[in-house]
Amino acid sequence: MSSALASLATSICYVRLAVRDLDAGARFASEIFGLQRVAQQDGDIAFRSDSRFRTVSLVSDEADGGSVGVEMWDEAALESISQQLNEAGFPVRRASRSECERRYVEAASLVRDGSGNSIDLVVRPRQSGRRYFPSRDAGIVQFHGVGLRTIDSARDLVFWKILGARVSDWVGDIAYLQIDEQHHRVALYPAARSGLLYSAFEVEGLDQIMQNSYFMQERQIKILQGPGRESASHQIFLHLQGPDGSIFSYVNGMTVLGEKPRRPRQFPFANESLCNWGSVSADVPELRVADGRA
Amino acid sequence: MIQLKDVSYVRLGSPDLESAETFATGCLGLEIAERGKKTLYLRSDDRAHTLCYSEGDPRHQTVGFEIEDEDDLQTAAATLEALGHHVHAGTAEEAEQRKVKAFIGFRDPTGNHIELVVRPERRGRRYFATRDAGITGFSHIGLNSTDPVRDERFWTQVCNARVSDRIGDIPLMRVNAIHHTIALVRAPTAGIQHINHQVESNDDVLRSYYVLNEKRVPIVFGPGRHPTSGARFLYFTGPDDMIFEYSVGVDEIEDEATHRPRQFGFEPSSFCMWGARPAGMALPDKNA
């Protein structure tokens, strides 16, 4: 039964980010980053990046703190995983009607991972009949995944394994987690504090990564790392400073893993493992090796 | 008509061969083929050499193009002389220095020193780089032109070059299937504007960007992508202010018979579709 459920977490479907200045955050998300603004309700602003109704919400309620949405296969999977999480010591709370509406989903269970990051386990997140139509040609194809800060890797791995994720590769103790054919949709970065590290959006190709890189330079938007390429997943990335210390990333070209069973590979904790092109993040401790190359 | 087959080598004068060697091996990533007292031969592919430094004036810059055989060489000499170009017939010793069977030298209408060569040497051993820059070979040159319209006529009517695309009046010209082997660049004097080596992949272009930055080699343009040839590129400065380029993914002209040159406007996005701006490298000046 548990192995059949192993794939029942089907996608990372949204991020909700708490921001102090909602309007400034919204300007960044739409005018700079290239998301499509779609709705505003209860002080939240929702943005699209693909066929889903929304993949990003900026949340003005600071007590809320934001969350990451993980789509479950169906109600039965939600029930089963919720029960397993409860048994493993991760208390799960059923979301109220209004909490579900605020998340644009039919049902949800709210839980915290081992580090205390808020994770929403959701069923039937809303899709949109209209295609994604952004205000700027950033070349975004889809919301791809997230990086999470972890202060308790062991507990967090227990948590994500219950959701059906498995480690695809390691860089030092950074764990890339696979939930579908992509090399990873979630990456856990050991850190001094918990929280969302980055939200990654896939673009069409290298052209868009580079065009966005020059676009940001011209507008003096801080590039935190990149253009670069992850050694383990081969994914090209550009990490940008978003509102309130958040990181928004453009990505492309991640390795697609086949059906064939494979063992996670161990890469050394070195800047070369984090970027094989040679980019180094000067400002984000989780994205760099403090004393240079190993 | 003079049938150019490919670009063969570049010869550069330099007052400081030691610096040239340090750059060529430590930064550019070429292989030393031969080191003489006053010469340095460098390889980038299976040819015996594609770049030669000799001690001297850095304004001495020569481009060699391969042609079919010695008969064609004689015909070319006659053609050029008939047009009023002074033609220098290479001596046996000079040919040996160039590792070719025979050659002639002349100046194009701008005054660039050009050599036409027969049977440039190849090497049995493969090129083995000193730095992993991913170089697959010497590919093309940017050539100064004081009058691009006149020089386009020379290269396309006296020689067999064909225009693949134009940016303003600047022609990118091919002599084989590769999008361009000669890129004319408007400039006040003769000279080689840049020397291009192809690399294996996008990764190599971006890696070199970070490596060369770390080595404090001035990056003068890129990383970027030319909308004309489709190539991803990086331009940087070497000894004596010579500009070198890495690029990957230059288009091939698929149908020689039906290809028509496209006209690109004279504007930054015609040189880079990613938005890179030249820094410390003059783009061909429209009105110079």
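I begin with A:Cys100, whose sulfur lies 12 Å from the closest cysteine sulfur, that of A:Cys13, and is therefore too far away for a bond; a disulfide here is a pair of cysteine sulfur atoms within 2.5 Å. A:Cys100 is also buried, at 3% relative accessible area, where buried means under 20% with a 1.4 Å probe, protein chains only. B:Cys27 is in no disulfide either, since the nearest cysteine sulfur, in B:Cys52, is 19 Å away. B:Cys27 counts as buried at 12% relative accessibility. Over all chains, the search finds 0 disulfides.

A word on the source: this is a predicted model, in which local features need pLDDT of at least 70 and side-chain atom pairs count only at pLDDT 80 or more, while totals for chains, interfaces and linings use all residues. Residues are numbered from 1 along each chain as its sequence is written, chains are lettered from A and ligands numbered from 1 in the order in which they are written, and side-chain values use heavy atoms, without hydrogens and water.

I turn to the interface. Chain A brings 14 residues to the contact and chain B 15 residues, contact meaning heavy atoms within 4.5 Å. A:Asp207, A:Tyr214 and A:Trp277 supply 45% of the area that chain A buries against chain B (accessible area, 1.4 Å probe, that two parts lose on being put together, summed over both). There are 2 salt bridges between chain A and chain B, each a side-chain nitrogen of Lys or Arg within 4 Å of a carboxyl oxygen of Asp or Glu. One of them joins A:Arg229 and B:Asp203, at 2.7 Å from N to O.

Notes:
Buried means under 20% relative accessible area, exposed over 50%, partly exposed in between (1.4 Å probe, protein chains only).
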